[in-house]
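The following questions and answers go through a structure with its sequence, taking the fold of one chain before the contacts between chains.

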Amino acid sequence: MEEVKLMKGNEAMAEAAIRSGVDAYFGYPITPQSEVIEYLMHEEPFKRTGMVVLQAESELAAINMVYGAAACGKKAMTSSSSPGISLKLEGISYMAGAELPCLIANVMRGGPGLGTIQPGQSDYFQAVKGGGHGDYNLIVLAPSTVQEMADFVNLGFDLAFKYRNPVMILSDGAIGQMMEKVTLPKQKERLSNEEIIKRYGSWATTGKPESRERNIITSLNLKSELQEIHNQHLQNKFKTAEKNEVRYEQIQCEDADYILVAYGTSARISQKVVQLGREKGLKLGLLRPITLWPFPKKIISELADHTKGFLSVEMSAGQMIEDVLLAVEGKAPVAHFGRMGGMIPSPSEVLDAVEKEINKILK
Amino acid sequence: MTEEIIIAGFGGQGVLSLGKILAYSGIMQDQEVSWMPSYGPEMRGGTANVTVILSDDRINSPVLNEFDTAIILNQQSMDKFESMVKPGGLLLYDPNGISHHPKRKDIKIATIEGAKEASELNNKKTFNMVIMGAFLKIHPIVLMENVHKGLEKSLPPRHHHMIPLNEKAIKVGMEEVKVIHDYK
Amino acid sequence: MMTTAVITPEEIIKKGKIVFEKTKLMNDCTLSYCPGCGHGVAHRLVMEVVDEMGIEQDTIGVAPVGCSVLAYEFMNIDMQQAAHGRAPAVATGIKRVFPEKYVFTYQGDGDLAAIGTAETIHACNRGENIVIIFVNNGIYGMTGGQMAPTTLPGMKSSTSPYGRVVETMGYPLKITEMVATLPGVAYATRQAVHTAKLVTKTKKAIIKAFQNQKDKKGTSIIEIVSNCNSGWKMTPVESNKWLDENMLAYFPLGDIKK
């Protein structure tokens, strides 16, 4: 039976992990996402479903534990916040190279460096450009509600296994810490070892039976010719994902003269701005990317044909605006409004920015 | 109907749990709810605040800069949030410890002696429920039966024997709240 | 005067005369190690033990970064290659989701005792039920002979060209002794493979370590003090002699915890 609860985003994600049949969570505490591992340790899913929960000695160790478990064909995940994600990038790059499916959640805080513990969105570049070294992408999902924090766990693993690639949930401290009503998914059973061997035995290190060649999980190939072929294979995979996995939401874009583009907490604030603007007679709309990679370029390009301008609203100095600019292709002016360092913009200051930009266009 | 509320005071006054019980009560009557706390070091003894929204529709921003209701439980919060009450909105506060009283004329202002009433109930932890009663008297946005269900949901079972006392505190708050200014 | 018995090659390869056979778990490819290096023997011993215990279908190995980065090319079992120093974390991930499998890491001194110190100590401290094979040759071989955490005082390397100065470069790290103090460690031993006798002893230690894993006793770590004739800039014979006289003086052989 579906269950409605009032939960923090972090807790909803943790509970959804248990219910999605995740095999292992490896984490390390960091504000504002420590509730994930706290919740899991409290719920003891090792008793409920057999799911492994382990507090590692560092983010580095945690992501490499994910590597080990994922290479066995298991559903493995980790979560952290900005500084911790920087540490995990080594492992994430290795996993992209070794084609390992896994889920990584970044509950972003303000940076750079130790930054602040308040919400931020300044890890956008890091997330959508892969983050670590080498040519690769992550599929990046941006929840803007507690419900989506829960829903994207299952979606994330589906995509991770479909493409044998790491998937990132890019959230922020506000979505992680706030409580909302959430309908929890039904309990899915974890896959048995036999089922894992059946599904993923062609690549996963499940122990070599006589019937097959050994499986090797590695991102290394010292022969450049072969490494290039491997890279081409990865790029083809990313092209397929770009074609098939774009997700977004349009809010009152049909008749909008001016469109805000925002994700996560900024999208929630921008929804309010659309409402306030329309109350004042401004025809505003909101395009909310749900996948930040692949980015919803096509719809933005289409909207640009009959829209007077765009405002990229982000809790950063302006990162997503680069993707909006590329998508708009010069067809309309694109501006940015953002707060930094853990500051959350208020709806009225965003509305002021919108009005200023609209006035500029009218002049 | 949408009610946007800020509850602000000291950590330890039960600010966050008051917000949680309100939010759960909203869920019990099938409303959309959001509960957005200030978090971080200030929670440890400093100021704490939480934005609670109850709505019949999808909630957009969980972060607001104007509120239908501000429930103010210390001076710092009064200084910060008095100006953020929407014209025609409500400012409810406990005068205990307040030296600069609100000056707005375009809003409704009410007081509740929460700390005093809680100590008369011989349980200082009922403070936040006295405050909730005072608020619900003026803005009856949730039915008492749903508050009861909300209490059941948000309190761990080992504290369920405290529900009658909490409900008594809500009643006291309803009886003792005083509207000291009305904009009409 | 002794008479020499003449044995033809044909006679040698006759089935009945075979006295030693390469385990089927070592692939028929050329090892990437320098002639004279101890890695080949260490690889073979691990694979022989897995073979003899009949657990190859249930064994997953983790290769490090360093000379043995390509260990997975030589060992005919399912293997993963880990980022530099992270093998114990990777092995933890495997063992936690496959507790019924046998999991081992194969690491060098730079990997295990420098960049991976935290992972090593914490895997041992959690008593992860795995086997750690730690090949200590006192130098970074793969990258061309740089100073390792186990480089001896005064020993020359490309980053300590005038010898390791302990005042500024620190002392060689005895990490096996360190982790032996942890309650999670069931077995810690230091062995070597440069003489036939020592090879036999090392194999016994590896058997014990895998048996410990079977019996769920916790972490077993086997340090194998080895040579690096290329990095030490010696002939294989000289390097073995140097190992005996210098390395073993600082890193004495024997069980540290059993």
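Q: Which pattern does chain B follow when read along the sequence?
A: This is a predicted model, in which local features need pLDDT of at least 70, side-chain atom pairs count only at pLDDT 80 or more, and totals for chains, interfaces and linings use all residues. Residues are numbered from 1 along each chain as its sequence is written, while chains are lettered from A and ligands numbered from 1 in the order in which they are written. Chain B has six helices and seven strands, where helices (H or I, at least four residues) and strands (E, at least two) are DSSP runs numbered from the N terminus. Along the sequence, these elements of chain B give the pattern β-α-β-β-β-α-β-β-α-α-α-α-β.

Q: Why is chain B as compact as a globular protein of its length?
A: The radius of gyration is taken over C-alpha atoms, and the globule rule is 2.2 Å times the number of residues to the power 0.38. For the 184 residues of chain B that rule gives 16 Å, and chain B is as compact as a globular protein of that length because its own radius of gyration is close to this, at 15 Å.

Q: What percentage of the residues in chain B is buried?
A: A residue is buried if 20 or more other C-beta atoms lie within 10 Å of its own, exposed if 12 or fewer, and partly exposed in between, with C-beta atoms placed from the backbone. Of the 184 residues in chain B, the buried ones make up 49%.

Q: Which helix gives the largest share of the side of chain C that touches chain A?
A: Two residues are in contact if their C-beta atoms, placed from the backbone, lie within 7 Å, and 29 residues of chain C are in contact with 34 residues of chain A. The elements of chain C that give two or more residues to this side are strand E1 (59–63), strand E2 (78–81), helix H4 (87–97) and helix H6 (117–125). The largest share, eight residues, comes from H4(C).

Q: How many residues of the side of chain C that touches chain A are nonpolar?
A: Ala, Val, Leu, Ile, Met, Phe, Trp, Tyr, Cys and Pro count as nonpolar, Asp, Glu, Lys and Arg as charged, and the others, Gly among them, as polar. On the side of chain C that touches chain A, eight residues are polar and seven are charged, while the nonpolar residues number 14.

Q: Which residue of E2(C) is the bridge partner of Ile216(A)?
A: Two strands pair if DSSP finds at least two bridges between them, and two bridges join strand E9 (residues 216–217) of chain A to E2(C), the two running parallel. Within E2(C), the bridge partner of Ile216(A) is Met79(C).

Q: Which residue in E2(B) stands opposite Met179(A)?
A: Chain A also touches chain B, with 20 residues of chain A in contact with 18 residues of chain B. Two bridges join E8(A) to strand E2 (residues 32–37) of chain B, and these strands run antiparallel. The residue of E2(B) opposite Met179(A) is Trp35(B).

Q: What distance separates the centres of domain 1 and domain 2 of chain A?
A: Domain bounds come from an automatic or database domain assignment, which for chain A gives domain 1 (3–184) and domain 2 (249–362). The contact between them takes 26 residues from domain 1 of chain A and 21 residues from domain 2 of chain A. Taken over C-alpha atoms, the centres of the two domains are separated by 27 Å.
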